[in-house]
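Please read the following points with the structure open beside you, and look up each residue as it comes up.

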Amino acid sequence: MSVPARGYLVFFFGTCAKEKELKKLKAAQKAEVAKVQAQKTNVPKKNERKSTKRGAEDDNPDDYIDPETPAGEKKKLSRQMAKQYSPSAVEKGWYAWWEKSDFFLADASSSKPPFVIVLPPPNVTGALHIGHALTAALQDAMIRYYRMSGYNALWVPGMDHAGIATQVVVEKKLMRERSLTRHDVGREQFVAEVWKWKEQYGGTILNQERRLGASLDWSRECFTMDENRSKAVTEAFVRLYREGLIYRDHRLVNWDCTLRTAISDIEVDHKEIKERTLLKVPGYANPVEFGVLTSFAYPLEEELGEIVVATTRIETMLGDTAIAVHPEDPRYTHLHGKFAVHPFNGRRLPIVLDAILVDPNFGTGAVKITPAHDPNDFDVGTRHNLKFINIFTDDGKINSNGGKEFEGMPRFEARKAITEALKLKGLYRGDQKNDMNLGICSRSDDVVEPMVKPQWFVKCDTLAKEALDAVMNENNKKIEIIPKQYALEWKRWLENIRDWCISRQLWWGHRIPAWYVTLDDDKFKEVGSYDDHWVVGRDEDEALLEANKLFSGKNFKIIQDPDVLDTWFSSGLFPLSVLGWPDNTEDFSTFYPTSVLETGHDILFFWVARMVMLGMKLGGDVPFKKVYLHPMIRDAHGRKMSKSLGNVIDPLEVINGISLEGLHKRLEEGNLDPRELTVAKQGQVKDFPSGIPECGADALRFALISDTMQSDKINLDIQRVVGYRQWCNKLWNAIRFAMIKLGDDYVPPEQIALDSMPFACKWILSVLNKAISKTVSSFEASDFSGAASAVYSWWQSELCDVFIEVIKPYFNSENDFESSRASSRDTLWVCLDNGLRLLHPFMPFVTEELWQRLPQKATNSSARKQSIMISEYPSAVEAWTNTDVENNMKVVESAVRSLRSLRSLSDKNERRPAFALCANDEVANIIGTYELEISTLANLSSLKVLRKSDAPPPSGCVVDIVDEELSVYLQLQVTIDVEAEREKLRRRREEVHRQHGALVQKMNSSGYKEKARQQIRDDDVSRLSKLLQELEIIDEAESKLAPPSRSRER
């Protein structure tokens, strides 16, 4: 017989005598009832009972404590399982052993199919935040699943050098500790200081990933500024430049006047302003007003009067080079081809006609044009061949182009001075509030200034076309984006892409491999004076060779561009460089392209699209085959997490727990102003009145993965995490129960005797099969919340709530039910072994600890793996599937739910007699056959099956209608509230009438007979009949209640 993959051999034996077994089980149940009644009549005092229990068990507290384990060795477990689950105790020790045992390592020479993920490199300055925790949970779940499923699983860790963020941190450190700027110490020494800081403080976040259980291949850890990654960056720049895909030009960029560098769009936060608003701006003693639209007039030549324009940035008028009007605006027809005059420098400003920019119905219909300081104006300047005049210095002061009157003024002080000067000239026309989006640098909090600067750019049109086709070409799709709706965003970005500015005016980063050639006979000696004097090479020697080719026979000197590359450039190469590109390494041959890129949807363009463009161009293929975009995490109220709101959640605080005072202390150590601090503390008191209890990494991971079903946002409620921590305790108790029932000498079988098993054992294996199939298919479809839900539902609703409860009577007698007890033990072990392996990718720590406690098979069989993480992931076993058993259990569970619903909260533990009124023999046979299971789960003293022809249940019963074929009655030892029972039946009748009416309307609708398939029509007729039967049952149940009181009848 062939062995099912990752399953168990199943042998079929003769069927046990069901009647004999049922009698034994009923006898056991009666014995249990007698035992309970005896206890009621002779209950010892509470303290006596506790004392007796202590004496009987003779507990030694040390037996419940894990012995100390040397770091890196396999965890030593306590002799007895602790009575309660403790996250800190369970999660201690396992990771160091996994890592030291090389369980995370991938083998480039393996014949297994590869599954590869590259960890989005966190900033070297960063600490773990909740977004990182979600990334780690999802990616680790994937990598553990595929590792257990027989793949050569590689998860590559790395860190990003984070150019701006790191430079800012070290500059602040220098100023705080030594009162020095980077210019005081010089470039070489400053870069050395950054490396020193990186070695001392950087990389904290990767150690925090270990706390989450992230099974990364640490042997391949890399840093975007290390030697191999730097080599890849230089090679990429040189290749792209020589293919004409990198060029240098004067273009508009986002300029940070505090950092004195161009910044990426993603580093610009947009603040929405609705009213006149005062904001603190770095470098200014007083707040600056925004949200104001100022109007002023430009005088026209030829005594044609004036033309009024309006702006929210009046200081930029110093760089105005034109005024635009709509060509069809009749108010300005007479000004076509005319000029206005600048009031401060006499510059002639042409009136240009532009139907693209100008809306004649907005404002005066005239727009001032500053091509060097506004994106829209830049386009107008390009279309109309206007002058581009930069009026700002790199640190945001007015330069000589702004005129002597304002030169040297900081831009926002010039704003006031220009307004006053316009008033003096009689050109000021007032101001008003104005809605606006203000760009603010996320690193410096400075207001971003659009400025034209000479920069290096990547030409993106052809690269973007290939990346677009990789996702959108249905005939040759190379990348799948999940969720699918983000493919449209991909299309929108790449169809409207602009060339990518890749140079930054920083000192920390990859120095641009370009050198400027200054000829001895050049008129202008300043670097960059001539656009055609740049050469590119892998090093200075190669640059000299290029310069000699370009300027053969001339005397010159070369100097390297002081700028560095945009951090996103090296990040965009990450899937290539981490695998050894540009060298043809074994890793690159085996693992490129990678399998999945998992990240947040907020960087779909800034990172994902650029990786695809660079990967396809330089690596010869897409860098990954699937992109999974996780939701953004908000607080429980749906708000963005913000320090000023006090709702930022530190994952380590959830894992370890923290008091409210501890949360307050973290806020106090930040840089919030007193008012913000008060608001933030109030938010913490509201959301975490008792702090955050210790939840552990497993519970946090499971909560985050389960919540990915919430579309593009996760509203993270800590109480959900607490709930999963409590669920871990339920798993713990399930294993404790199993260890007691299995016994110290239990040895799991090599195969299970499926045919001779009790009903409950067959059922739990059948639904386990379903859970395995659903989990595996969900993983394959990247439906991680669906996978988590399938595992959770099986453990919670089927194993713990039903199976473990149903098999308890088998263990109440030492001498009886030997066959059922043995089958239950074997089935329980199979369920726990499979269930823990099924759950492991989500909860690695608790599953490892519990799995290590399970009894092992005999050593002469296939040896058990050292760890659950390298054992095989469960797969469905065809022979376990039993649809008939599952259908019968559905009837059993429906009856149990109804019987439980009839009890009051105070009556949950009392055993009561019950009756099942069955409409046909099929249902009656099911209820009769599984009487014991129903009685056990519903806590009944007896269960009698009735037909319609039998005498009705005795008085004093409450009733619940399960469906049209079954009603259950529970006999209570209390007075029945007849009116309440009558009201319950009335509501049920209304619901059945509603369903009946809707079905009749559907069946009588136009075209139903012609359009509905025969099977659907037959099902509807059957359903209609069952609804009518249920109405009869309701009438019958109501007739058996006492008649309404006379006072009520009146």
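1. A charge is said to sit over a ring if NZ of Lys or CZ of Arg is within 6 Å of the ring centre and within 35 degrees of the ring normal. Please keep in mind that the model is a predicted one. In this model the charged end of Arg 348 sits over the ring of Phe 339, at 3.8 Å from the ring centre. A second example is Arg 182, whose charged end is placed over the ring of Trp 507, 4.8 Å from the centre of that ring.

2. Rings can also be set against other rings, and a search of the whole structure gives 43 aromatic pairs. One of them joins Tyr 146 and Tyr 151, and because the ring centres are 5.1 Å apart with the planes at 90 degrees, the pair is edge-to-face; the cut-off that matters for this label is an angle over 60 degrees. Are these two residues buried or exposed? Tyr 146 has a relative accessible area of 7% and is therefore buried, whereas Tyr 151, with 28%, counts as partly exposed.

3. Phe 605 and Phe 606 make another pair, in which the ring centres are 5.7 Å apart and the planes stand at 70 degrees, so this pair is edge-to-face as well. Both Phe 605 and Phe 606 are buried.

4. Strand E23, which covers residues 514-519, deserves a careful look, because six of its six residues are buried and the strand is therefore largely enclosed by the rest of the structure. In a regular strand the side chains alternate between the two faces of the sheet. For E23, both faces are covered: Ala 514, Tyr 516 and Thr 518 are buried on one side, and Trp 515, Val 517 and Leu 519 are buried on the other.

5. Which strands pair with E23? Strand E24 (residues 534-536) runs antiparallel to E23 and is joined to it by three bridges, with Ala 514 standing opposite Val 536 of E24. Strand E25 (residues 556-560) also pairs with E23 in the antiparallel sense, here over five bridges, and Gln 560 of E25 is the bridge partner of Trp 515.

6. Turning to charged side chains, a search of the whole structure finds 65 salt bridges. One of them is formed by Lys 92 and Glu 68, whose closest N and O atoms are 3.7 Å apart. This pair links distant parts of the chain, 24 residues apart, with Lys 92 in the loop between helix H3 (87-91) and helix H4 (94-100) and Glu 68 in the loop between helix H2 (46-57) and H3. Lys 92 and Glu 68 are both exposed.

7. Within helix H10 (residues 227-242), Glu 235 and Arg 239 are separated by about one helical turn, because they are four residues apart. Their side chains form a salt bridge in which the closest N and O atoms are 2.7 Å apart. Glu 235 is buried, with a relative accessible area of 12%, while Arg 239, at 32%, is partly exposed. Both residues also belong to a network of salt bridges that links Glu 235, Arg 239, Arg 242, Arg 538, Glu 542, Glu 546 and Lys 549.

8. Asp 379 and Arg 498 meet through their side chains in a salt bridge, at 3.6 Å from N to O. The pair links distant parts of the chain, 119 residues apart: Asp 379 is in helix H11 (residues 375-384), and Arg 498 is in the loop between helix H14 (486-495) and strand E21 (500-501). Asp 379 counts as partly exposed at 26% relative accessibility, and Arg 498 counts as exposed at 58%.

9. The largest nonpolar core has 158 residues, and among these Leu 765, Trp 795 and Phe 842 touch the most other members. Helix H24 (residues 718-742) gives the most to this core, with 13 residues.

Key:
Residues are numbered from 1 along each chain as its sequence is written. This is a predicted model: local features need pLDDT of at least 70, side-chain atom pairs count only at pLDDT 80 or more; totals for chains, interfaces and linings use all residues. Side-chain values use heavy atoms; hydrogens and water are left out. Rings of Phe, Tyr and Trp (its six-membered ring) pair if their centres lie within 6.5 Å; planes under 30 degrees apart count as stacked, over 60 as edge-to-face and the rest as tilted. Buried means under 20% relative accessible area, exposed over 50%, partly exposed in between (1.4 Å probe, protein chains only). Helices (H or I, at least four residues) and strands (E, at least two) are DSSP runs, numbered from the N terminus. Two strands pair if DSSP finds at least two bridges between them. A salt bridge is a side-chain nitrogen of Lys or Arg within 4 Å of a carboxyl oxygen of Asp or Glu. A nonpolar core is a set of buried Ala, Val, Leu, Ile, Met, Phe, Trp, Tyr and Cys residues joined through side-chain atoms within 4.5 Å.
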